[in-house]
Protein chains: 2
Amino acid sequence: MKNFINHIRQFVNFTDDEAAAFYNVMTEVHFKKGAHLLEQGSICGQVYFITKGTVIYFMKQDDSEIINEVFFENCWVTEYGSFLAKSPATKSIRAMDEVTVLALSYNNMQQLYSKAQCYERFGRLMAENLFVTHERAMIHMRKSAEERYLMFAKERPELLQRIPQYMIASMLNITPEALSRIRRRAIKPVRQAQ
Amino acid sequence: MKNFINHIRQFVNFTDDEAAAFYNVMTEVHFKKGAHLLEQGSICGQVYFITKGTVIYFMKQDDSEIINEVFFENCWVTEYGSFLAKSPATKSIRAMDEVTVLALSYNNMQQLYSKAQCYERFGRLMAENLFVTHERAMIHMRKSAEERYLMFAKERPELLQRIPQYMIASMLNITPEALSRIRRRAIKPVRQAQ
DNA sequence: AATAAAAATTGATGTAGATCAATAAAAACG
DNA sequence: CGTTTTTATTGATCTACATCAATTTTTATT
């Protein structure tokens, strides 16, 4: 609860009552490793705030899985398009380990929005943040595989530790083989120089 | 004015007074062909609602220009990251022809948000829409050049008429030469079959 | 209409990164 | 532990698309 309230106060200066009311409409849910928070094709009815564990946000394509993002503690995750339009999700969300979330349902969210402007402002700021982050990420997609990896390694070093390399490759839209070669080229020269 | 009010009412059910108050903080501005609505490096202080003409949203890179988007009548355009954080813009916006916009300044926007929840809701819905549209576009970036073009031609046929092919190539992150070849492969077979 | 400028096409060649196949290394597990 | 499974590395080859250079076509300008 403390973490959650600290988190939301980074965006909006909620009073104790407002923050508590927010927290109170969230439901704690646990997911075992491998369980799905959302299945592609179903309608996403919840926004999740992760309090423990790691989830992947991915798309099934043919027989493989394309990983779009990895989220962990103090991140929000949902398929916003599906959630807002009540349309079938084009992505899935899966727990990579033991995951605990605070879930906010569509109805509860709309009720918060109707209740007071502070919640609406929070929603606006979250969406703005999402968009700006996403637009920045889009710039990287136009670069070479090597540049994408180097940028990623610089901006999100914690993820390199946290998830297997083939998932990073998938996020970067390159093959595991190509990423392995990029790392050899990028890292080995530094080691040799020591 | 009619167009603008119709537009904003697609998102929020503004009363006549609310809509008029919104319209009244917008300033009409004209740009000549080639003029900049925003220059990379400067701070973006306005959100523009285009009432006439076409603008490109692009990035300078080395000596060339990478076109990220093209906007025209009844579209909003801004560098949201720069606008929100008052940080230097990483993109520029340029008029492709005679352009008329309704400009909303940062301060006026914040005042609207403070004035009533309906404006804040509008801001939230706009940001949500932007994000969802953008996330959908991201899916395409992982596809082949040919798939990107075919998808684009299907989803935005009006743009094919409206801007030169080399700009479409830039938006799709492929060279004009490659796009020309893709089109030959994709279009000619159909014509031959007639 | 004639000329100039901008945009699109075509060909030749190069290369980043994909794909396929075979180990090797690391992690998970009885 | 050793054994199985998962993940990462390496090599050989292939291909989509880039790059460079030369026309051709289209559009704008006088």
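Predicted model: local features only at pLDDT ≥ 70, side-chain atom pairs only at ≥ 80, totals over all residues.
Which residues does B:Met126 touch, not counting those up to four places away in sequence?

1. **B:Met126.** The answer is B:Phe11 and B:Trp76, once residues up to four places away in sequence are set aside. B:Met126 sits in helix H5 of chain B. With a relative accessibility of 14%, B:Met126 counts as buried, because the cut-off is under 20%.

2. **The interface in numbers.** On to how the two chains meet. The contact involves 36 residues of chain B and 36 residues of chain A. The area buried between chain B and chain A is about 3300 Å², and carbon and sulfur atoms give 59% of that. As a reminder, interface size is often quoted as the accessible area lost when the parts come together.

3. **Polar links across the interface.** The rule finds five salt bridges between chain B and chain A. One of the side-chain pairs in a salt bridge is B:Glu120 with A:Arg121, at 2.9 Å from N to O. Polar contacts across the interface of chain B and chain A come to 17 residue pairs, both partners being at pLDDT 80 or more.

4. The elements of chain B that give two or more residues to the side touching chain A are strands E4 (54–61) and E5 (64–72), plus helices H3 (80–85), H4 (106–115), H5 (117–141) and H8 (165–171). Helix H5(B) gives the most, with 16 residues. By class, the side of chain B that touches chain A has 17 nonpolar, eleven polar and eight charged residues.

5. **B:Ser170.** Here is a residue with a contact in the other chain. B:Ser170 is found in helix H8 of chain B and touches A:Arg142, as well as B:Glu65, B:Ile66 and B:Ile67, not counting residues up to four places away in sequence. Its relative accessibility is 15%, so B:Ser170 counts as buried.

6. **Chain A overall.** Chain A has nine helices and eight strands. Its C-alpha trace spans about 60 × 40 × 30 Å along the principal axes. Of the 194 residues of chain A, 45% count as buried. Among contacts in chain A with a separation of 6 or more, 66% come from residues 24 or more positions apart.

7. **B:Thr100.** Back in chain B, B:Thr100 lies in strand E8 (residues 99–105). A relative accessible area of 7% means that B:Thr100 is buried. The side chain of B:Thr100 makes a polar contact with the side chain of B:His30, at 3.2 Å. Leaving aside neighbours within four places in sequence, B:Thr100 is in contact with B:Glu28, B:Val29 and B:His30, and also with B:Phe49, B:Ile50, B:Thr51 and B:Lys52.

8. **B:Val25.** This one is in the loop between helix H2 (16–24) and strand E1 (27–31) of chain B. B:Val25 is partly exposed, with a relative accessible area of 23%. Beyond its neighbours within four places in sequence, B:Val25 is in contact with B:Ala103, B:Leu104, B:Asn108 and B:Leu112. The C-alpha atoms of B:Val25 and B:Lys2 are separated by 15 Å, the two being 23 residues apart along the chain.

9. **Two positive phi values in chain A.** Most residues other than glycine have a negative phi. A:Asn74 is not a glycine, yet has a positive phi of about 70°. A:Asn74 sits in the loop between strand E5 (64–71) and strand E6 (76–77) of chain A, and is partly exposed at 36% relative accessible area. A:Asn173 also has a positive phi, about 65°, without being a glycine. A:Asn173 lies in the loop between helix H8 (165–171) and helix H9 (176–193) of chain A, and is partly exposed, with a relative accessible area of 31%.

How values were computed. Residues numbered from 1 in each chain as written. Chains lettered and ligands numbered in written order. Heavy atoms only, no water. Contact = heavy atoms within 4.5 Å. Buried area = accessible area lost by both parts, 1.4 Å probe. Salt bridge = Lys/Arg side-chain N within 4 Å of Asp/Glu carboxyl O. Polar contact = N/O pair within 3.5 Å; in protein donor to acceptor, adjacent residues only side chain to side chain. Helix = DSSP H or I, 4+ residues; strand = E, 2+ residues; numbered from the N terminus. Nonpolar A, V, L, I, M, F, W, Y, C, P; charged D, E, K, R; others polar. Buried < 20%, exposed > 50% of the residue type's maximum accessible area, 1.4 Å probe, protein only.
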